[in-house]
Amino acid sequence: MYLILSNPSVEYGQAISHELWMLARPRGISDGETSQFYCGVMSHPDGTQVAIGPIDSDQLVPVHAQADVPAFVALISEGVTAEEATAIESAITAAKGGGVNILQLVESSPSLSPNLITREQMEATGWFPTDEV
Amino acid sequence: MTPVALEGFKTPLLNEYGGAAAAYSLRRLKSWDDGKRVVRVRRASDNSEKDFTAAEVADGTLVNWVGAGNDGFVSTWYDQSGNANDAVQATTTSQPKIVDGGVLVTGGIDFDGVDDGLFTVSNLTDTLQSATFFAVTKEDTTSGKACMVRIRPNGAPGTLDGFSWEKVTDDTYGPNTLIEGANGAVSATIAGQGTRNTSKNLNTLIYQQSQILAYENGALDATLNTVRSGSVPVGDVTLVDQLWLGQNFDDNARPFNGTMSEVIIYFTDQSANRAAIENNINNQYDIY
C-alpha cells in the first residue's frame, strides 16, 4: 500500500519517510549510515499528489528506545486531528524497544486511511508514465 | 624484464583494462589490495550497517555478521573504478537483498522487481561520443519493463542526452535502449529486439555514433540502429544525470526483477577489448 499525503510536496514526503526511519535508527545512532529513509516517495506526473510507500502490511518498524516520537508526530499533525495525533504518539511510544506496524497505524486513523492506495491503482491512475524514455 | 605470471593469481580486470567510469561487483576488480570494500550491507535484525571486502563476501564473514536466519540488504555498492561513483540506496524498502534468511544470495544482488534500485548520489557529468556497458544479470521474469542501466533523465527522444538499456516484455532491448547526443538518438526498434530469457547472461552494449552493438554471452545478439530522433551520427553526448541500476528513480520506475553480479561501464568504445573483457568476466562467472 501507498499513502497519498495531505501536502503534495516531495520534500514533505522525504521528511516523513526520514522521520519514520529515525524511529528505528535515531540521530546519533544512524549518523554515517547510508540508510536514511523508511520508504520511497513518488509524485504524480501532473504534480497534484505525492505518496509514500510501499508500506508493507506485515512489516514491523522497530522503534528504538531513543526514538524522538514527538518529532515524527509533529510532522504528520497537519494531516490528522489532535486526537489522532495523540493516539499515534501513544502507540509508537508504547512500542519503544519493540516494533510498530505503520500500515495498521494509518488504517486506524480516519483522516489517513482514505488516502491509502494500491500499486495497481497508482498504475491505473497514471502515477508512472509509460511513454517516456 | 617481463613480469612472471604466478599461477593462481589473476590480474584484476580493471588493472588490465583500465579507464572504466564505474564498476560494481562483489569480486575484486582493481588493485592487489584485498582490503578494499566492495559493498555496504544493512542487516535487518538491528538495521546496523557494515562494509565488506570481496574476500569477506566470499569467505562467509558477511553472512556470519548478518546472522542465521536473517536478511541483509545492500545500502551501497561501491564503485571500484576509482571514480567514487558509488551506487547507493538510502531508502530501506528499496534496498536490494544480498543475504536471504542467513544465506548469501546466489548470483549477486537481488532486486525485487517492485521498488529496488541503486543510483549514484551525484550526476555523472561528461561529454563523450561512445560508451560500453558490461553487465552480468539473471532475471526472474521476461515480462514488464526493466531499467537495467541508465544515465539519462526522463524525456522523449530528441530532448535529453544520455545512454540507457531498458528491457520490455520478451525483448532484451526495448525501444528505450538508446544513445542520444546533440544531433539525434539511435535506439532499438519500437517493437524491441533480442529474445529476453531468465538465464544468467553477460550482456555487452557498445554505444556508437550510429548504432548500438548488443552482445550476449560473447556473440553479437542484435544491432540497434533505429534513428529515433534527429540524425546520425548522434554527436556529442552531454551527460547530466545520475547512474541508475535496476530502476529509473527519476520517476517512471520500471524495476528490474532478478540478480546483478557485475556492472562495468566505460565512457569509451571498448570494441578492441570486448572479447578479452568478456572472457575475464566469463572465467569468473562461468556463464557460457
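Which residue follows H4(B), and what is its phi? The close-ups below, all taken from a predicted model, get to that one in the second view.

**View 1. Helix H1 of chain A, tucked into its surroundings.** H1(A) runs over residues 10-24, 15 residues in total. From first C-alpha to last it reaches 22 Å, close to the 21 Å expected at 1.5 Å a residue. Of those 15 residues, 11 are buried, so the rest of the structure largely encloses this helix. The buried set includes A:Tyr12, A:Gly13 and A:Ile16, and it also takes in the run from A:Ser17 through A:His18, A:Glu19, A:Leu20, A:Trp21, A:Met22 and A:Leu23 to A:Ala24. Look at the start of the helix too: there a side-chain oxygen of A:Ser9 comes to within 3.3 Å of the backbone nitrogen of A:Glu11.

View 2. H4(B) covers residues 274-285. Buried here are B:Arg274, B:Ile277, B:Glu278, B:Asn280, B:Ile281, B:Asn282 and B:Tyr285. What do these buried residues pack against? Their partners in chain B are helix H1 (13-16) plus a set of strands: S1 (20-25), S11 (131-139), S18 (200-207), S19 (212-216) and S24 (257-266). As for the opening question, B:Asp286 follows the helix, and its phi is positive, near 55°.

**View 3. Where chain A meets chain B.** On the chain A side 24 residues are in contact with 32 residues of chain B. Together the two chains bury about 1900 Å², with 49% of that on carbon and sulfur atoms. Three residues stand out: A:Thr34, A:Glu132 and A:Val133 supply 37% of the area chain A buries against chain B, more than any other three residues. The side of chain A that touches chain B divides into 12 nonpolar, 7 polar and 5 charged residues. How many salt bridges cross the interface of chain A and chain B? The rule finds 0, while the count of residue pairs in polar contact is 11 (both at pLDDT 80 or more).

**View 4. A:Ala124, out on helix H5 of chain A.** A:Ala124 sits in H5, which spans residues 119-124. Buried or exposed, which label does A:Ala124 get? Exposed, because its relative accessibility is 68%.

How values were computed. Residues are numbered from 1 along each chain as its sequence is written. Chains are lettered from A and ligands numbered from 1 in the order in which they are written. This is a predicted model: local features need pLDDT of at least 70, side-chain atom pairs count only at pLDDT 80 or more; totals for chains, interfaces and linings use all residues. Side-chain values use heavy atoms; hydrogens and water are left out. Helices (H or I, at least four residues) and strands (E, at least two) are DSSP runs, numbered from the N terminus. The expected span of a helix is 1.5 Å times one less than its number of residues. Buried means under 20% relative accessible area, exposed over 50%, partly exposed in between (1.4 Å probe, protein chains only). A polar contact is a pair of N or O atoms within 3.5 Å; within protein, one must be able to donate a hydrogen and the other to accept it, and residues adjacent in sequence count only if both atoms are side-chain atoms. Contact means heavy atoms within 4.5 Å. Buried area is the accessible area (1.4 Å probe) that two parts lose on being put together, summed over both. A salt bridge is a side-chain nitrogen of Lys or Arg within 4 Å of a carboxyl oxygen of Asp or Glu. Ala, Val, Leu, Ile, Met, Phe, Trp, Tyr, Cys and Pro count as nonpolar, Asp, Glu, Lys and Arg as charged, and the others, Gly among them, as polar.
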